[in-house]
Amino acid sequence: MTIDIAIVDGPLGPVPATATRESHETGAAVMFEGIVRAQEDGRQLAALDYQAYRPMADRLLREIGERIAHKHGLDRLSVWHSRGRVSVGEVSFRLIVESSHRHESINAMNEFIDLLKRDVPIWKRPVWPER
Amino acid sequence: MRVTVLLFGSEATAVGRDSVTVEISGPITGAELREHLNEHWPALRPMLPSARFAVNHAFAAPDQVIRATDEIALIGLVGGG
């Protein structure tokens, strides 16, 4: 089982080539990406500015990842989260979950995101367009 | 003894700063610290019921004793993902 955690400055780049297929036993790889939407509460948005309380955010991401990976018997769980400014249309969050079969990966993905949104100290502040 | 509480997100916005300081007479629990903040920082009152304390980068139980040497953060509703 492998857990990869990274909080990076700015938007996330393309998916790393090494991010998937932990072993030949892996039969399912599921990826979720969070993308900054163009509108927030009905208003046009320019970007989101993410703030993370470190190292607590890093530690909780890892703890949740390890707990979920163990519970669902995952081969690998990789998560990236932005901090700082991420413009509309850019990726601020990516989660890749790998397991032998799809059910484990899909269930693990939902559970991880629910816990992230409940516990991990990361905040976002809307950045409005300049008029 | 002075305790500094780090603030983030809407809590920091509400008081216009990224930390607040509370004067206490000795070690206190998280529940007591919450009461201090409620009394001395009115702008935080709407957020306090849903906020949690982190002590040294881990969520703290309400009865956990907090000391001046601890790193204390008020963690309101988070918004990652």
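**Entry 1: Ile28(B)**

I began with Ile28(B), which is buried at a relative accessible area of 8%. The model I am reading is a predicted one. I located Ile28(B) in strand β3 of chain B. I then listed the contacts of Ile28(B), setting aside neighbours within four places in sequence, and found Leu33(B), His36(B), Gln64(B), Val65(B) and Ile66(B). I also checked Ile28(B) against Ala68(B): the two are 40 residues apart in sequence, and their C-alpha atoms are 9.5 Å apart in space.

**Entry 2: Chain B as a whole**

I next looked up the secondary structure of chain B and counted 2 helices and 7 strands. Along the sequence, I read their order as β-α-β-β-α-β-β-β-β. Chain B is as compact as a globular protein of 81 residues, because its radius of gyration of 12 Å is close to the 12 Å that the globule rule gives for that length. I noted that the C-alpha atoms of chain B fill a box of roughly 35 × 25 × 20 Å along the principal axes.

I turned to burial and surface. Of the 81 residues in chain B, 47% are buried. The accessible surface of chain B is about 4,000 Å², and carbon and sulfur atoms account for 52% of that surface. For contacts in chain B between residues at least 6 apart in sequence, I recorded that 45% join residues at least 24 apart. I also recorded the charged side chains of chain B, 6 positive and 9 negative, with the centres of the two sets 2 Å apart.

**Entry 3: Helix α2 of chain B**

Which residues of helix α2 (residues 30-40) of chain B are buried? I found Gly30(B), Leu33(B) and Leu37(B). These residues lie on the same side of α2(B), because they cover an arc of only 55° around the axis. I then asked what the buried residues of α2(B) pack against.

**Entry 4: Ser19(B)**

I looked up Ser19(B) and placed this residue in strand β2 of chain B. Is Ser19(B) buried or exposed? Its relative accessible area is 18%, and buried means under 20%, so Ser19(B) counts as buried. Not counting residues up to four places away in sequence, Ser19(B) touches Thr4(B), Val5(B), Leu6(B) and Leu7(B).

I moved on to backbone angles. Most residues other than glycine have a negative phi, and most peptide bonds are trans. I recorded a positive phi, near 70°, for His57(B). His57(B) lies in the loop between β4 and β5 (58-59) of chain B. His57(B) is buried, at a relative accessible area of 17%.

I recorded a positive phi for Asp41(A) also, near 55°. I placed Asp41(A) in the loop between β3 (39-40) and β4 (43-44) of chain A. Asp41(A) is exposed, with a relative accessible area of 74%.

**Entry 5: The cis bond in chain A**

Which residues does the cis peptide bond join? I found Arg54(A) and Pro55(A), with omega about 10°. Pro55(A) is in the loop between β5 (47-52) and α1 (56-72) of chain A.

**Entry 6: Ser99(A) and Ser100(A)**

Ser99(A) is found in strand β7 of chain A, whereas Ser100(A) is in the loop between β7 (91-99) and α2 (102-119). Ser99(A) counts as buried at 1% relative accessibility, whereas Ser100(A) is partly exposed, with a relative accessible area of 31%.

Ser99(A) touches Thr26(A), Gly27(A), Ala28(A), Leu74(A), Asp75(A), Glu104(A) and Ser105(A). Ser100(A) is in contact with Glu25(A), Gly27(A), Ala28(A) and Asp75(A). Finally, I checked Ser100(A) against Ser23(A): they are 77 residues apart along the chain, and 9.5 Å separates their C-alpha atoms.

Note on methods: Residues numbered from 1 in each chain as written. Chains lettered and ligands numbered in written order. Predicted model: local features only at pLDDT ≥ 70, side-chain atom pairs only at ≥ 80, totals over all residues. Heavy atoms only, no water. Helix = DSSP H or I, 4+ residues; strand = E, 2+ residues; numbered from the N terminus. Rg over C-alpha atoms; globule rule 2.2 N^0.38 Å. Buried < 20%, exposed > 50% of the residue type's maximum accessible area, 1.4 Å probe, protein only. Contact = heavy atoms within 4.5 Å. Areas by Shrake-Rupley, 256 points an atom, 1.4 Å probe, with all protein chains shown as cover. Lys, Arg positive; Asp, Glu negative; His and termini not counted. Charge placed at Lys NZ, Arg CZ, Asp CG, Glu CD. Arc of directions from axis to C-beta.
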